[in-house]
Amino acid sequence: MSTAHPTAPKITFVGAGSVVFTQGLLADLFAFDELKSAHIALHDIDAERLATARAAAEYIAAERGARPRVTAHADRREALAGADFVINIVQVGMGEATRTDFDVPARYGLRQTIGDTLGVGGIFRALRTFPLLEALGRDIAEVCPDAWLLNYTNPMAMNVQYLAEATGLTRVVGLCHSVYWTIQDLCELLKVPYEEVTYQAAGVNHQAWVLRLEHGGEDLHPRLDALIAEDPQLRRRVRMDMYRRLGHYPTETSEHSSEYVPWYLHHDSEIDRLRLPVGAYLGIVDENVAEYERTRDALACGAPLTVEGTMEYAPQIIHSIVTGTPRTVYGNVPNHGLIENLPDRGTVEVPCLVDASGVQPTRVGALPPQLAALNRAYLSTTDLVVRAATQDEPRHVRHAAMADPATAATLRVEEIWQLCDDMVRAHGDLLQPALRTELAL
């Protein structure tokens, strides 16, 4: 640890203006007695959101009986200097860019539900995030080289692979709550206590798979099968449909899961059968803005805020590294043989052991072949996006969209190239210069 007092680490939030998410993470951090005196350094380029984040941090600290040092910084390097942990929650381009990710593909008839992981939305979210990640990695290497970078920014698999290949940082782990909440939801459905369940999942972010689910030594899958057989409404969900056909339950919502395969969004009948909300994420964007405004206004007039923990992994990781408390979390890390039938360069989501020595990914071995086949298609698109950026190769942007399963199932190849040109034009200066080229044939 670089701090003088290991139990008072410096924790830097990059993109702290994502106030609602920042609040949840802070509530989790301050729930640990050992972290109540941490230095919380907040950074955002939006002055109003930064001020709101600072006010929220101070409010939550008071509510949790914590006495942290809270600082706010418009300058990123100042916020990072001497940090022990860096939590990245940046969304480059905010809601306006997200609307572009939906609106432009929709003109071509391309349907998306969330648009933050794969597909055209995921590809261009990554491409506008990579320049920020490159600069962030350079700053960390210079002003806090021993820090752990805990990344929440999507698209997770693309961003973690890019960080590994373009910045050289090694203390990087991508965090997502999908595995945790999937198991929670299954426990609720099966009426078993989460604390008593043993489970293992692995794969890629938003397309990992439940490989083991047991209670008291009993495999819970037969009970799940029986529930699905009894309830026709349960069968009207993408993840249930995938589970029945593939034999393993996916660890993301049906809305997410539908975007990474070619079978559902292209077909009107499947959208109806599986109740898929096309464009659902735009409503989430609007609600996030409204929630931020409610928080800002409440803090400004001294009204109470609801402070709830979120059970996110970052606070647990920080607590384990600071105190030596052993835990198992799910992290997104470079594969390097952890899942032997997935590409070595790709980012995989696997169980990770955490203690005072840091985050240690565990080897899973081979996935069932039908699961690995889907994950490899996902990682092929991811790899082409990263190569587009690291090699300054705009053709690979188009190749990534051509390789994407849902896009390829919907559009002719000429339309894919034209759509990429439109997206390049729409996102403009958010992309690195070499990728702003239009390439319609």
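Let's start with arginine 138, which counts as partly exposed at 39% relative accessibility. On this scale, buried means under 20% relative accessible area, exposed means over 50%, and partly exposed is in between, using a 1.4 Å probe and protein chains only. By salt bridge I mean a side-chain nitrogen of Lys or Arg within 4 Å of a carboxyl oxygen of Asp or Glu. Both residues sit in helix H5, residues 119–143, four residues apart, or about one turn of the helix. Helices (H or I, at least four residues) and strands (E, at least two) are DSSP runs, numbered from the N terminus.

A quick word on what we are looking at: this is a predicted model, where local features need pLDDT of at least 70 and side-chain atom pairs count only at pLDDT 80 or more, while totals for chains, interfaces and linings use all residues. Residues are numbered from 1 along each chain as its sequence is written, and side-chain values use heavy atoms, with hydrogens and water left out.

Let me show you a few others. In helix H9, residues 238–246, aspartate 241 and arginine 245 are again four residues apart, about one turn of the helix. They form a salt bridge too, with the closest N and O atoms 2.9 Å apart. Is aspartate 241 buried or exposed? It is buried, at 1% relative accessibility, whereas arginine 245 is exposed, at 61%.

Now find arginine 425 and glutamate 438, where the closest N and O atoms of the salt bridge are 2.6 Å apart. Arginine 425 lies in helix H17, residues 413–427, and glutamate 438 in the segment after H17, so this pair ties together parts that are 13 residues apart in sequence. Arginine 425 is partly exposed at 47% relative accessibility, and glutamate 438 is partly exposed at 43%.

What about disulfides? A disulfide is a covalent bond between the sulfur atoms of two cysteines. Here it is counted as a pair of cysteine sulfur atoms within 2.5 Å, and the structure holds zero of them. Cysteine 176 is buried, with a relative accessible area of 8%, and cysteine 187 is buried at 3%.

Next, please find strand S4, residues 85–88. Both of its faces are covered: Phe85 and Ile87 on one side, and Val86 and Asn88 on the other, are all buried. Strands pair if DSSP finds at least two bridges between them. S4 pairs in the parallel sense with strand S1, residues 10–14, over four bridges, and phenylalanine 13 has isoleucine 87 as its bridge partner in S4. Four bridges also join S4 to strand S5, residues 148–151, again running parallel, with phenylalanine 85 opposite tryptophan 148 in S5.
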